[in-house]
Amino acid sequence: MTGARDLPVDKVLGGRYRLDEAIGQGGMATVFRARDEVLGRDVAVKLFHNCAIEAGRQEGELAVLAGLDHHALVQLHDAGLDTDDYGRSHRYIVMALVNGSDLHQRIRSAPLSARHIAELGYDMAEALDYIHAHNVVHRDIKPSNILLVDYGDGSTRARAKLTDFGVALADDMERMTKEGATTGTAGYLSPEQASGRPVGPATDVYSLGLVLLECFTQHLEFAGSVVESAMARLSRDPRIPEGLPEHWQQLLTAMTARDPDARPIRHELVALLKMLVIAESGRHRDEELEPLFPEAGEPRVPGEITRPDVLDTLPDEALDRVTGMAARLFSAPISLVSIADHDRVWFKAHYEPDVERVARELDLTMSSVPSAEPVVVEDARSDPRTRDHVLVTGPLGMRFYVGVPLKRGDGTVIGTLCVMHFLPGTASDAEIANLQDLAALVVSQLELRQVGLRTTTEIATVLPVPAGGLATGV
């Protein structure tokens, strides 16, 4: 069966919009890059799939967008109906094409600076202030619905636009779901959404708080299935990293309060994030800011996080052997080497085939908090340190964990070597000692290679380079 997502490139909608490549796809619609042949400009066309039960939702999104006009929202240009070769009608809407990426892609590619996070948060606070003033609640604030704008002018100021009002509620609109049904994305639902209670503007503030938190941690705070994710936020508040500046801790704590009345709203939120932009701009005034859109590198393997220079000095081959040996030592299906930097964690993982698919869908960096001493969890479900952790309550169902620190010669802890199993287990003193030996091997090879690289660099700075470049071979 063909549908909107199968339309051929170069199809023209409404005698005007020539479709190009698909740039986004979901269960309800496909977004195409298109060419407006009347005005000669590129646009984004959201083409809804042939699904009669979603007709009300399509009309709802169109009604909401048509009444909104703000610099932090994606602008609506046009709308229409297209009839395919089978006589089926598909609604489409034409929006401004945003050059850049969405925040979900950006978070996964590299860390964001605190200043950029503040700037993006400020833009979103202004967007929420505007739509809430027009009695609209978005209800699906998440990174993939926040588009980062690249104006191509080299500006270091981060800009963002909010998109996808498919599940928004307005006062003059009928409820687009059955009474009591939950709409939105599981990982970003507010407590009131998760429990099926009435929602209001505070719901969007809570979800934005989770998004800003994810910008710092690079992992989803409430992961797992819909039920697991919902239950987690109803039983606890998000974990705000202690290393964040106090003003960020206070703001994120307030935005993600379980009581909707305790969250900042409208002008309060705009003012708070504006102050954070000023604070972060002043705090890092003399520092060179990382670009919001880093240059594209090699394709990233799903489930692996970009590594820092310190890990680039150690071959993947060596890490593969160490993690493989550690897994075999405990007959465990998962083993990780992780190194913690000031704002994120990089890791190399070994997975047994039967758990690889599940493990790669989770953020395993959460399991790798560096400790100066070995850590053993024999049964994570009964251990108060881990029983509420998403890796235990989620689809992985982790039960056994043992980790040892990666220590430099001066005693500095730079990371962890750990193994995990979904069955309870024990670790003998001899097994822990063997794991420590593997960890020491990782660190020693790393330090040796760093010395070698420094030496090579020093030689390169004093030796002249031939006009034809460096020769290879003997």
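Two strands pair if DSSP finds at least two bridges between them. Strands themselves (E, at least two residues) and helices (H or I, at least four) are DSSP runs, numbered from the N terminus. With that in hand, hello everyone, and let me show you around.

A quick word on the source. This is a predicted model, with residues numbered from 1 along each chain as its sequence is written. Local features need pLDDT of at least 70, side-chain atom pairs count only at pLDDT 80 or more, totals for chains, interfaces and linings use all residues, and side-chain values use heavy atoms, with hydrogens and water left out.

Let's start with the sheet. Six strands make up an open sheet, in the order β1-β2-β3-β4-β6-β5, with antiparallel pairing. Which strands are at the edges? They are β1 (12–13) and β5 (76–83), and each pairs on one side only.

Look next at strand β3, residues 29–36, which runs antiparallel to strand β4, residues 41–48, over eight bridges. Here T30 has L47 in β4 as its bridge partner. β5 and β6 form a hairpin with five residues between them, and in its turn G87 has a positive phi of about 80°.

Now for the charged side chains. Side chains of opposite charge can pair when their charged atoms come close. I call it a salt bridge when a side-chain nitrogen of Lys or Arg is within 4 Å of a carboxyl oxygen of Asp or Glu. How many salt bridges does the structure hold? There are 17.

One of them joins K11 to D82, with the closest N and O atoms 3.8 Å apart. This pair links distant parts of the chain: K11 sits in the segment before β1 and D82 in strand β5, 71 residues apart. Is D82 buried or exposed? I use buried for under 20% relative accessible area, exposed for over 50%, and partly exposed for anything in between (1.4 Å probe, protein chains only). D82 has a relative accessible area of 7%, so it is buried.

Another salt bridge is between R41 and D36, at 3.8 Å from N to O. R41 is partly exposed, because its relative accessible area is 32%, while D36 counts as buried at 1%.

K46 is buried, with a relative accessible area of 8%, whereas D164 is partly exposed at 23%.

On to the helices. Helix α3, residues 114–133, has 20 residues and reaches 28 Å from its first C-alpha to its last. That is close to the expected 28 Å, where the expected span is 1.5 Å times one less than the number of residues. Why do I call α3 largely enclosed by the rest of the structure? Because 19 of its 20 residues are buried. After α3 comes N135, which has a positive phi near 60°.

Helix α5 has 17 residues and spans 25 Å from first C-alpha to last, close to the 24 Å expected. With 16 of those 17 residues buried, α5 too is largely enclosed by the rest of the structure. Q218 follows α5, and its phi is positive, near 60°.

Rings of Phe, Tyr and Trp (its six-membered ring) pair if their centres lie within 6.5 Å; planes under 30 degrees apart are stacked, over 60 edge-to-face, and the rest tilted. The structure holds three such pairs. F216 and W248 are edge-to-face, with 4.8 Å from centre to centre and 70° between the planes. F216 lies in helix α5 (residues 201–217) and W248 in helix α7 (residues 246–255), so the pair ties together parts 32 residues apart in sequence. Both F216 and W248 are buried.

A further pair is F330 with F400: the centres are 6.2 Å apart and the planes at 45°, so it is tilted.
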